[in-house]
Amino acid sequence: MSTETETLISVQALFDGDFLSFLVAFEPTDTIEEACDKVAFGVINRRIPERPGVGYVMRREDGTEIPGNLTVTEAGLEDSDYVTVGFSS
Amino acid sequence: MTLLKREEWHDITRLTDWEFTYVDDGTVFPEPMSGGGATERERWHAWREDYRCSYGEYVATQRQKETAAYSVKAALQRTNLFDNLDEGTKTNSKLHFGSLTQIEYLAVPAELTMARFGLTGGWRNMAVLGALDEMRHTQLNAFFAHELVSKDIHYDWATKAYHTNNWAIIAGRAFFDGTMTSPSAVDIALGLPFTIETGFTNLQFVALAAGALEAGDVNFANLISSIQTDEARHAQQGGPTLDAIMETDPAHAQWVIDRTFWLCQRLFSIVTGPSMDYYTPLESREQSYREFMQEWICEQFLASIEDYGLQKPWYWDEFIECLDQSHHSGHLGTWFYRWTLFWNPNAGVSKAEREWLCSKYPKWEETWGPLWDQVIHNVNDGRPDLTLPTTLPWICKMCNLPVGCATSPGSVNYPVRPYKLVHNGKKYWFCSDPCRRIWWEDRNHMAHQRTIIDRLMDGSVQPADLTGCFDYMGISSEEMGDDAFNMAWAFDYAEEYAARMAAS
């Protein structure tokens with residue numbers, strides 16, 4: 001079945017302090033900063049309060065931080081990868 | 001004419017085995033269907049049920065039970081008892097009917113597998129009665145729920161649920177198919193009557209009936225009590241089967257019981273946990289979920305398996321710690337994803353309820369309080385849209401429940417995280433190490449199970465968003481679950497909200 005989802009990269013994301021991980025779809029051209037915003041959208045001000053002026057960071061499964069200026073493709077993220085996102089400070 | 005006492009003739013009718021001459025024994029009882037392993041055929045003739053029952057006695061007793069159950073129902077049908085029930089109490093019965101009615105029917109072929117492939121006549125006879133029991137339970141549940149459909153569409157899920165791909169139903173289907181449909185007669189006896197019925201549901205039904213009665217749902221209590229007495233009888237098939245297998249293959253028995261117990265408690269944490277600690281009206285609560293599990297499930301289960309020479313399951317410490325956490329996570333998750341449910345979850349965190357939770361779970365406030373506080377803020381802020389999810393939770397490949405709800409944020413020993421396994425180049429994710437280990441051992445069967453996430457990612461769900469998910473799960477807009485009290489509980493905190501806003 002041909003669907004729009006084939007062009008998206010669907011990962012499992014957990015926001016620091018949240019209680020479950022969830023599915024998030026990124027565009028391959030999204031920057032990691034944009035990808036962080038997509039993860040935060042499902043959590044911030046829903047279960048975890050915002051921190052005005054504080055950005056987000058994304059980490060790989062092994063805990064290494066992914067530079068925010070890379071695109072999802074450049075970062076090498078693939079379907080079913082697991083990432084965590086948290087406040088940058 | 002003087003009648004013989006039952007014990008003087010019963011063995012003639014219950015031990016109906018004979019030696020085959022036209023075919024060999026393995027043809028009549030193939031190993032994949034019977035599962036006797038290395039246990040000698042003669043050993044099975046020592047199989048003994050403690051509580052015996054002839055067919056005549058069975059019919060007489062069941063007739064009395066049926067008469068009692070249906071006459072109470074008929075009498076109550078003319079009252080307004082149901083209309084006056086607390087919404088949380090209704091939620092408990094909706095959850096029961098939707099998640100178990102068709103499972104009772106699935107238990108019929110499970111009992112019939114034992115009735116055909118059980119390795120001795122006494123066992124096969126007991127299983128025939130078990131199959132009749134399960135058919136009766138299906139009919140009772142379906143009939144009692146049907147009366148309520150005109151009052152509340154959620155009761156339609158008593159018959160609808162297992163014909164849908166609702167995420168919770170996929171979880172139930174995966175567990176019960178794995179325990180009741182595919183295993184051999186021996187493994188069904190170890191998994192169903194010994195672990196699920198003796199270990200969990202028999203005791204849970206006693207608590208469920210008592211709780212329903214306390215909350216005024218006399219009809220539902222009457223139904224559950226009628227079912228529970230059957231469970232107590234046919235659950236006997238587990239003990240003698242375990243006795244026989246322990247002589248030749250204790251490792252196999254240990255594995256079947258361990259895996260079934262873990263997966264069963266995962267389902268309990270998302271069904272019975274919220275029911276006892278959040279849905280049941282505060283004034284009707286006797287015990288917390290953790291207290292119930294520790295007193296009735298843990299102590300009795302451990303005593304039971306140790307009696308047979310089995311060891312405590314390898315994950316026991318993790319299981320005990322999760323009793324403080326997993327169902328709170330499961331509850332917050334189901335409440336947040338309430339539009340995907342066929343029941344209306346009661347948030348259960350009004351000030352009085354929160355105080356009760358903190359008295360039962362000393363770490364509740366520290367762990368769950370901040371997450372619920374944000375929800376409460378959003379309700380008081382006029383932003384109910386922020387109390388809903390934007391996407392699906394990631395689902396454990398084994399138990400089909402959300403990754404994260406086997407534990408809690410802040411847990412030192414079992415923090416929220418997925419557990420990974422790569423098999424044939426493919427990544428699989430699990431909610432816990434026990435789920436991962438069980439999947440690995442059963443991988444030849446489990447690799448084909450598809451979680452709702454798998455279905456979303458492979459294009460089965462269209463459009464691939466929450467709207468498509470509702471359609472795929474069979475939830476219409478009239479059926480979507482919602483907060484049982486329309487968020488009224490959150491206005492308990494209106495003064496604190498007003499003060500905070502005034503200060504900001």
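A residue is called buried if 20 or more other C-beta atoms lie within 10 Å of its own, exposed if 12 or fewer do, and partly exposed in between, with C-beta atoms placed from the backbone. These legends describe a predicted model, in which local features need pLDDT of at least 70 and side-chain atom pairs count only at pLDDT 80 or more, while totals for chains, interfaces and linings use all residues. Residues are numbered from 1 along each chain as its sequence is written, and chains are lettered from A and ligands numbered from 1 in the order in which they are written.

**View 1. Overall build of chain B.** Chain B has 23 helices and two strands, where helices (H or I, at least four residues) and strands (E, at least two) are DSSP runs numbered from the N terminus. Buried residues account for 50% of the 504 residues in chain B, and the C-alpha trace spans about 90 × 60 × 45 Å along its principal axes. The radius of gyration of chain B, 24 Å, agrees with the value near 23 Å that a compact globule of 504 residues would have; this radius is taken over C-alpha atoms, and the globule rule is 2.2 Å times the number of residues to the power 0.38.

**View 2. The largest nonpolar core.** A nonpolar core is a set of buried Ala, Val, Leu, Ile, Met, Phe, Trp, Tyr and Cys residues joined through C-beta atoms within 7 Å. The largest one holds 161 residues, and those touching the most other members are Val85(A), Ala171(B), Ile224(B), Cys396(B), Phe430(B), Cys431(B) and Leu456(B). Helix 10 (residues 185-214) of chain B provides the largest share of this core, 14 residues. Leaving aside residues up to four places away in sequence, Ala171(B) touches Leu267(B), Cys399(B), Asn400(B) and Leu401(B), contact being defined as C-beta atoms, placed from the backbone, that lie within 7 Å.

**View 3. The side of chain A that touches chain B.** Here 24 residues of chain A are in contact with 28 residues of chain B. Strand 1 (9-15) and strand 2 (22-26) of chain A each supply at least two residues of the side that touches chain B. The residues on this side of chain A comprise 11 nonpolar, nine polar and four charged, with Ala, Val, Leu, Ile, Met, Phe, Trp, Tyr, Cys and Pro counted as nonpolar, Asp, Glu, Lys and Arg as charged, and the others, Gly among them, as polar.

**View 4. The sheet of chain A.** Five strands of chain A form an open sheet in the order 2-1-5-3-4, with mixed pairing, two strands being paired if DSSP finds at least two bridges between them. Strand 2 and strand 4 of chain A are the edge strands, each pairing on one side only. Strand 3 and strand 5 of chain A pair in the antiparallel sense over four bridges, and Tyr56(A) stands opposite Phe87(A) in strand 5.

**View 5. Backbone details in loops.** Most residues other than glycine have a negative phi, and most peptide bonds are trans. Asn45(A), with phi near 65°, is placed in the loop between helix 1 (32-41) and strand 3 (56-59) of chain A, and counts as partly exposed because it has 15 C-beta neighbours inside 10 Å. Ser80(A), whose positive phi is about 70°, lies in the loop between strand 4 (65-66) and strand 5 (82-87) of chain A. In chain B, the peptide bond from Gln462(B) to Pro463(B) is cis, with omega near -10°.

Technical notes
Contact = placed C-beta atoms within 7 Å.
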